[in-house]
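Here is a short report for a reader meeting this structure for the opening time.

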Amino acid sequence: MRQFYHIAILSVQKHLRLTLCVLCCTMLMDAKSQIGDFRNELALGVSGGYTINNVGFTPEIPQNSLGGYTAGVALRYTCEKYFKSICALVTEVNISQCGWKQSILDEKDQPVINTSTGMAEEYQRTITYIQIPFMARLGWGREYHGLQFYVQAGPQIGFYLNDKIKANYAYDQRNQDSRLGVLKEAPQEVMPIERKFDYGITAGAGLEYSIPRIGHFLLEGRYYYGLADIYGNSKKDFFGRSNNSTIQIKLTYLTDLIRSNNPKIK
(Lines give C-alpha, C1' and ligand atoms only; values in the text may rest on other atoms or scores of the structure.)
Protein backbone atom coordinates (compact mmCIF):
# COMPACT_ATOMS: atom_id res chain seq x y z
CA MET A 1 0.00 0.00 0.00
CA ARG A 2 2.83 2.41 0.89
CA GLN A 3 4.54 1.65 -2.44
CA PHE A 4 1.34 2.52 -4.31
CA TYR A 5 1.05 5.74 -2.29
CA HIS A 6 4.61 6.78 -3.17
CA ILE A 7 4.00 6.10 -6.87
CA ALA A 8 0.87 8.27 -6.79
CA ILE A 9 2.68 11.12 -4.98
CA LEU A 10 5.58 11.05 -7.45
CA SER A 11 3.13 11.17 -10.36
CA VAL A 12 1.33 14.19 -8.88
CA GLN A 13 4.63 15.97 -8.22
CA LYS A 14 5.78 15.35 -11.80
CA HIS A 15 2.61 16.81 -13.31
CA LEU A 16 2.60 19.81 -10.95
CA ARG A 17 6.19 20.65 -11.79
CA LEU A 18 5.48 20.35 -15.50
CA THR A 19 2.44 22.63 -15.21
CA LEU A 20 4.42 25.27 -13.32
CA CYS A 21 7.28 25.13 -15.83
CA VAL A 22 4.85 25.63 -18.71
CA LEU A 23 3.16 28.55 -16.91
CA CYS A 24 6.41 30.35 -16.10
CA CYS A 25 7.92 29.75 -19.54
CA THR A 26 4.76 31.04 -21.20
CA MET A 27 4.89 34.22 -19.14
CA LEU A 28 8.55 34.77 -20.00
CA MET A 29 7.94 34.15 -23.70
CA ASP A 30 5.04 36.60 -23.68
CA ALA A 31 7.24 39.20 -22.00
CA LYS A 32 9.94 38.86 -24.65
CA SER A 33 7.57 38.77 -27.61
CA GLN A 34 5.86 42.02 -26.48
CA ILE A 35 2.63 41.23 -28.28
CA GLY A 36 0.77 43.71 -26.08
CA ASP A 37 1.76 47.08 -24.64
CA PHE A 38 5.33 46.94 -23.36
CA ARG A 39 6.02 47.61 -19.70
CA ASN A 40 9.35 47.98 -17.93
CA GLU A 41 8.42 48.51 -14.30
CA LEU A 42 10.13 47.42 -11.12
CA ALA A 43 8.61 47.72 -7.66
CA LEU A 44 10.12 46.87 -4.29
CA GLY A 45 8.44 46.60 -0.91
CA VAL A 46 7.72 44.80 2.32
CA SER A 47 5.06 42.33 3.37
CA GLY A 48 3.75 40.64 6.48
CA GLY A 49 0.90 38.43 7.52
CA TYR A 50 -0.55 35.46 9.34
CA THR A 51 0.00 31.78 8.55
CA ILE A 52 -2.18 28.74 9.25
CA ASN A 53 -0.22 25.51 8.92
CA ASN A 54 -0.59 21.72 9.07
CA VAL A 55 1.77 18.87 8.29
CA GLY A 56 0.37 16.03 6.17
CA PHE A 57 1.58 12.95 8.03
CA THR A 58 1.14 9.39 6.80
CA PRO A 59 0.18 7.59 9.04
CA GLU A 60 -2.16 10.44 9.94
CA ILE A 61 -1.68 12.47 13.11
CA PRO A 62 -4.78 14.31 14.39
CA GLN A 63 -4.10 18.04 14.28
CA ASN A 64 -5.47 21.49 14.83
CA SER A 65 -4.19 24.34 12.67
CA LEU A 66 -1.05 26.05 13.95
CA GLY A 67 -0.97 29.83 13.67
CA GLY A 68 2.21 31.79 12.96
CA TYR A 69 3.61 34.76 11.08
CA THR A 70 5.29 35.58 7.79
CA ALA A 71 7.28 38.73 6.97
CA GLY A 72 9.78 39.77 4.34
CA VAL A 73 10.56 41.75 1.20
CA ALA A 74 8.90 41.57 -2.22
CA LEU A 75 10.08 42.42 -5.74
CA ARG A 76 7.80 42.74 -8.79
CA TYR A 77 8.70 43.21 -12.44
CA THR A 78 5.81 44.18 -14.72
CA CYS A 79 6.63 43.36 -18.33
CA GLU A 80 3.51 43.69 -20.47
CA LYS A 81 -0.17 44.52 -20.72
CA TYR A 82 -1.76 41.99 -23.04
CA PHE A 83 -5.29 43.10 -23.93
CA LYS A 84 -6.67 43.75 -20.39
CA SER A 85 -4.26 41.43 -18.57
CA ILE A 86 -1.28 42.96 -16.77
CA CYS A 87 1.58 40.45 -16.78
CA ALA A 88 4.30 40.44 -14.12
CA LEU A 89 6.87 38.28 -12.38
CA VAL A 90 7.06 38.32 -8.58
CA THR A 91 9.59 37.03 -6.07
CA GLU A 92 9.83 37.37 -2.31
CA VAL A 93 12.17 36.50 0.55
CA ASN A 94 10.17 35.76 3.69
CA ILE A 95 10.71 34.41 7.17
CA SER A 96 7.70 32.16 7.78
CA GLN A 97 6.48 29.82 10.50
CA CYS A 98 5.17 26.36 9.68
CA GLY A 99 4.69 23.22 11.77
CA TRP A 100 1.82 21.43 13.48
CA LYS A 101 -0.33 21.36 16.61
CA GLN A 102 -1.52 17.97 17.76
CA SER A 103 -5.10 17.17 18.72
CA ILE A 104 -4.62 14.68 21.56
CA LEU A 105 -8.00 13.06 22.24
CA ASP A 106 -9.18 9.76 23.73
CA GLU A 107 -11.71 7.32 22.28
CA LYS A 108 -14.55 9.54 23.55
CA ASP A 109 -13.12 12.60 21.75
CA GLN A 110 -12.16 14.12 25.07
CA PRO A 111 -8.74 15.67 25.83
CA VAL A 112 -6.19 13.21 27.14
CA ILE A 113 -5.26 14.06 30.73
CA ASN A 114 -1.66 13.59 31.69
CA THR A 115 -1.33 11.44 34.80
CA SER A 116 1.70 13.39 36.07
CA THR A 117 0.48 16.96 35.61
CA GLY A 118 -3.29 16.44 35.77
CA MET A 119 -3.63 18.72 32.71
CA ALA A 120 -4.88 18.08 29.19
CA GLU A 121 -1.88 17.16 27.07
CA GLU A 122 -0.82 19.81 24.53
CA TYR A 123 1.95 19.61 21.96
CA GLN A 124 3.00 21.81 19.06
CA ARG A 125 6.16 22.30 17.01
CA THR A 126 6.84 25.54 15.17
CA ILE A 127 9.29 25.30 12.26
CA THR A 128 10.77 28.54 10.92
CA TYR A 129 11.91 28.78 7.29
CA ILE A 130 13.32 31.31 4.88
CA GLN A 131 10.87 30.95 1.99
CA ILE A 132 11.43 32.20 -1.55
CA PRO A 133 8.53 31.99 -4.02
CA PHE A 134 8.87 32.69 -7.76
CA MET A 135 5.48 33.55 -9.22
CA ALA A 136 3.92 34.51 -12.52
CA ARG A 137 1.15 37.07 -12.04
CA LEU A 138 -1.85 38.26 -14.03
CA GLY A 139 -3.84 41.34 -13.00
CA TRP A 140 -7.01 43.04 -14.21
CA GLY A 141 -8.06 46.56 -13.41
CA ARG A 142 -6.36 49.91 -12.93
CA GLU A 143 -2.57 49.92 -13.00
CA TYR A 144 -1.62 53.24 -11.45
CA HIS A 145 -4.62 54.76 -9.71
CA GLY A 146 -7.36 52.53 -8.38
CA LEU A 147 -8.22 48.92 -7.74
CA GLN A 148 -6.83 45.83 -9.42
CA PHE A 149 -7.60 42.13 -8.96
CA TYR A 150 -4.79 39.64 -9.50
CA VAL A 151 -3.85 35.97 -9.34
CA GLN A 152 -0.34 34.53 -9.14
CA ALA A 153 1.27 31.11 -8.90
CA GLY A 154 4.64 29.42 -9.08
CA PRO A 155 7.25 27.28 -7.32
CA GLN A 156 8.57 28.01 -3.85
CA ILE A 157 11.68 26.88 -2.01
CA GLY A 158 12.40 27.02 1.71
CA PHE A 159 15.45 26.75 3.96
CA TYR A 160 15.09 25.52 7.54
CA LEU A 161 16.21 27.97 10.24
CA ASN A 162 15.07 26.40 13.50
CA ASP A 163 12.21 24.70 15.27
CA LYS A 164 10.67 25.07 18.71
CA ILE A 165 8.67 22.52 20.69
CA LYS A 166 5.98 23.62 23.11
CA ALA A 167 4.55 20.84 25.31
CA ASN A 168 3.12 20.72 28.84
CA TYR A 169 4.38 17.21 29.60
CA ALA A 170 7.55 15.15 29.33
CA TYR A 171 7.68 12.74 26.39
CA ASP A 172 8.39 9.69 28.58
CA GLN A 173 5.45 10.63 30.82
CA ARG A 174 2.80 10.95 28.10
CA ASN A 175 -0.48 9.14 28.74
CA GLN A 176 -0.13 6.23 26.31
CA ASP A 177 -3.08 4.36 27.80
CA SER A 178 -5.61 7.02 26.75
CA ARG A 179 -4.00 8.08 23.47
CA LEU A 180 -5.16 6.66 20.15
CA GLY A 181 -3.30 5.37 17.09
CA VAL A 182 0.03 6.93 16.17
CA LEU A 183 -0.09 9.27 19.16
CA LYS A 184 0.64 6.33 21.48
CA GLU A 185 4.16 5.95 20.10
CA ALA A 186 4.40 9.58 18.87
CA PRO A 187 7.96 9.50 17.45
CA GLN A 188 7.40 12.88 15.78
CA GLU A 189 7.40 14.54 19.20
CA VAL A 190 11.12 13.88 19.68
CA MET A 191 12.45 13.31 16.14
CA PRO A 192 14.66 16.16 14.85
CA ILE A 193 13.72 17.74 11.52
CA GLU A 194 15.64 15.57 9.05
CA ARG A 195 15.20 17.44 5.77
CA LYS A 196 16.20 21.09 5.94
CA PHE A 197 15.30 21.98 2.33
CA ASP A 198 11.63 22.46 1.51
CA TYR A 199 10.00 23.00 -1.88
CA GLY A 200 6.52 23.04 -3.34
CA ILE A 201 3.98 25.15 -5.19
CA THR A 202 2.16 28.28 -4.12
CA ALA A 203 -0.80 30.18 -5.53
CA GLY A 204 -2.81 33.18 -4.42
CA ALA A 205 -5.33 35.84 -5.30
CA GLY A 206 -5.77 39.35 -4.03
CA LEU A 207 -6.62 43.00 -4.45
CA GLU A 208 -4.21 45.86 -5.09
CA TYR A 209 -4.95 49.53 -4.62
CA SER A 210 -2.53 51.96 -6.26
CA ILE A 211 -2.04 55.63 -5.41
CA PRO A 212 0.18 57.77 -7.67
CA ARG A 213 3.50 58.85 -6.11
CA ILE A 214 2.65 56.92 -2.93
CA GLY A 215 2.68 53.26 -3.88
CA HIS A 216 0.72 50.03 -4.12
CA PHE A 217 -1.17 48.38 -1.25
CA LEU A 218 -1.97 44.67 -1.61
CA LEU A 219 -4.16 42.26 0.35
CA GLU A 220 -3.76 38.61 -0.62
CA GLY A 221 -4.79 35.10 0.35
CA ARG A 222 -2.25 32.43 -0.59
CA TYR A 223 -1.92 28.65 -0.34
CA TYR A 224 1.29 26.63 -0.26
CA TYR A 225 1.51 22.87 -0.79
CA GLY A 226 4.83 21.25 0.06
CA LEU A 227 6.19 18.56 -2.24
CA ALA A 228 9.07 17.76 0.11
CA ASP A 229 8.90 15.97 3.48
CA ILE A 230 10.37 17.08 6.79
CA TYR A 231 11.17 13.44 7.71
CA GLY A 232 12.53 10.52 5.71
CA ASN A 233 9.92 8.63 3.68
CA SER A 234 11.64 5.36 2.70
CA LYS A 235 10.26 1.95 3.64
CA LYS A 236 12.44 1.83 6.75
CA ASP A 237 11.18 5.22 7.98
CA PHE A 238 8.18 5.63 10.25
CA PHE A 239 6.37 8.20 8.08
CA GLY A 240 5.58 7.79 4.41
CA ARG A 241 4.66 11.48 4.11
CA SER A 242 5.28 14.63 6.19
CA ASN A 243 4.76 17.72 4.04
CA ASN A 244 3.85 21.29 4.95
CA SER A 245 0.52 22.80 3.95
CA THR A 246 0.02 26.52 4.60
CA ILE A 247 -2.63 29.20 4.19
CA GLN A 248 -1.37 32.78 4.33
CA ILE A 249 -3.13 36.12 4.66
CA LYS A 250 -0.70 38.86 3.61
CA LEU A 251 -0.47 42.63 3.42
CA THR A 252 2.15 44.11 1.09
CA TYR A 253 3.34 47.61 0.30
CA LEU A 254 5.28 48.26 -2.93
CA THR A 255 6.94 51.42 -4.16
CA ASP A 256 8.00 51.97 -7.78
CA LEU A 257 11.72 51.95 -8.56
CA ILE A 258 11.34 51.98 -12.36
CA ARG A 259 8.30 53.19 -14.31
CA SER A 260 7.51 52.68 -17.99
CA ASN A 261 8.12 55.67 -20.23
CA ASN A 262 5.22 54.95 -22.54
CA PRO A 263 2.84 57.63 -23.90
CA LYS A 264 0.00 55.07 -24.01
CA ILE A 265 0.08 54.73 -20.22
CA LYS A 266 -2.45 56.88 -18.42
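## Aromatic pairs

The model holds eleven aromatic pairs. Rings of Phe, Tyr and Trp (its six-membered ring) pair if their centres lie within 6.5 Å; planes under 30 degrees apart are stacked, over 60 edge-to-face, and the rest tilted. This is a predicted model: local features need pLDDT of at least 70, side-chain atom pairs count only at pLDDT 80 or more, and totals for chains, interfaces and linings use all residues. Residues are numbered from 1 along each chain as its sequence is written, and side-chain values use heavy atoms, with hydrogens and water left out.

Phenylalanine 57 and tyrosine 231 are stacked, because their ring centres lie 6.4 Å apart and their planes meet at 25 degrees. The pair links distant parts of the chain, 174 residues apart. Phenylalanine 57 is in strand β1 (residues 37-58), and tyrosine 231 is in the loop between β8 (215-226) and β9 (241-258). Strands are DSSP runs (E, at least two residues), numbered from the N terminus. Phenylalanine 57 is buried at 5% relative accessible area. Tyrosine 231 is buried too, at 1%. Buried means under 20% relative accessible area, exposed over 50%, partly exposed in between (1.4 Å probe, protein chains only).

## Another pair and a cluster

Tyrosine 82 and phenylalanine 83 form an edge-to-face pair, because their centres are 4.7 Å apart and their planes stand at 80 degrees. Tyrosine 82 is partly exposed at 34%. Phenylalanine 83 is exposed at 69%.

Ring pairs also join Phe57, Trp100, Tyr123, Tyr231, Phe238 and Phe239 into a cluster.

## Charges over rings

The charged end of arginine 137 sits over the ring of tyrosine 150, 4.1 Å from its centre. Arginine 174 lies over the face of tyrosine 171, 4.0 Å from the ring centre. The rule asks for NZ of Lys or CZ of Arg within 6 Å of the ring centre and within 35 degrees of the ring normal.

## Cysteines

The structure holds zero disulfides (pairs of cysteine sulfur atoms within 2.5 Å). Cysteine 79 is in no disulfide; its nearest cysteine sulfur, that of cysteine 87, is 5.7 Å away. Cysteine 79 is buried at 3% relative accessible area. Cysteine 87 is buried at 4%.

How values were computed
Helices (H or I, at least four residues) and strands (E, at least two) are DSSP runs, numbered from the N terminus.
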